Amino acid sequence: MYKLISTAIDSSEAAHELADYLVSNDISKCVQIVPGVVSHYKWKGEKEVASEYILLVKAREKNLESAVDNIERLHSYDAPEIVVADFEIAGAAYRDWFDR
């Protein structure tokens, strides 16, 4: 099974550092960084609006725990958003590459 992990982070530099770590250490096969996200949320009772970057982290199920642990360890937020969903790979060539 494959896992798609989403997390939001506050800077391009932090996003690239986290993506590089996860891929370089074979925790994730691919991380995409989506810039220009605006998030509205409440933090400590106050409404906040922040510019963020979304990381889409693709991993094998066996690497999920390591991915989550490292995102929490390396993330600058006190309570980083970490959302996980299952996904399938439809393309055979991409699946072969991902499974290597």
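Start at the hairpin of β2 and β3: select Lys-44, which takes a positive phi near 55 degrees in this hairpin with 2 residues between the strands. Helices (H or I, at least four residues) and strands (E, at least two) are DSSP runs, numbered from the N terminus. The model is predicted: local features need pLDDT of at least 70, side-chain atom pairs count only at pLDDT 80 or more, and totals for chains, interfaces and linings use all residues. Residues are numbered from 1 along each chain as its sequence is written, and side-chain values use heavy atoms, with hydrogens and water left out.

**The strand pair**

Now select β2 (30–43) and β3 (46–60). The two pair in the antiparallel sense over 12 bridges; pairing requires that DSSP finds at least two bridges between the strands.

Show the largest pocket, with a volume of about 300 Å³. Select Tyr-41, Trp-43, Glu-52, Tyr-77 and Ala-79: of the 13 lining residues, these are the closest to the pocket centre. On a 1 Å grid over the protein atoms alone, a pocket is an open set of points where a 1.4 Å probe fits, with protein on both sides within 12 Å along at least five of seven lines; lining residues have an atom within 4 Å of a point. Volume is the space filled by probe spheres set on the points, which are joined across faces, edges and corners.

β2 and β3 each supply at least two residues of the lining. β2 gives the most, with 4 residues. Colour the lining by class: 9 nonpolar, 1 polar and 3 charged residues. Here Ala, Val, Leu, Ile, Met, Phe, Trp, Tyr, Cys and Pro count as nonpolar, Asp, Glu, Lys and Arg as charged, and the others, Gly among them, as polar.

**The core**

Of its 14 residues, Ile-5, Ile-9, Leu-18, Leu-22, Val-31, Leu-55 and Val-57 touch the most other members. β1 (2–9), α1 (12–24), β3 and α2 (64–74) each supply at least two. α1 gives the most, with 5 residues.

Zoom in on Leu-22. Beyond residues up to four places away in sequence, Leu-22 touches Ile-27, Ser-28, Val-31, Val-57, Ala-67, Asn-70 and Ile-71; contact means heavy atoms within 4.5 Å.

**Last stop**

Select His-75, in the loop between α2 and β4 (83–87). Is His-75 buried or exposed? His-75 is buried, with a relative accessible area of 7%; buried means under 20%, exposed over 50%, partly exposed in between (1.4 Å probe, protein chains only). Contacts of His-75 include Thr-7, Ala-8, Ile-9 and Pro-80. Between the C-alpha atoms of His-75 and Thr-7, 68 residues apart along the chain, the separation is 9.4 Å.

Methods: A nonpolar core is a set of buried Ala, Val, Leu, Ile, Met, Phe, Trp, Tyr and Cys residues joined through side-chain atoms within 4.5 Å.
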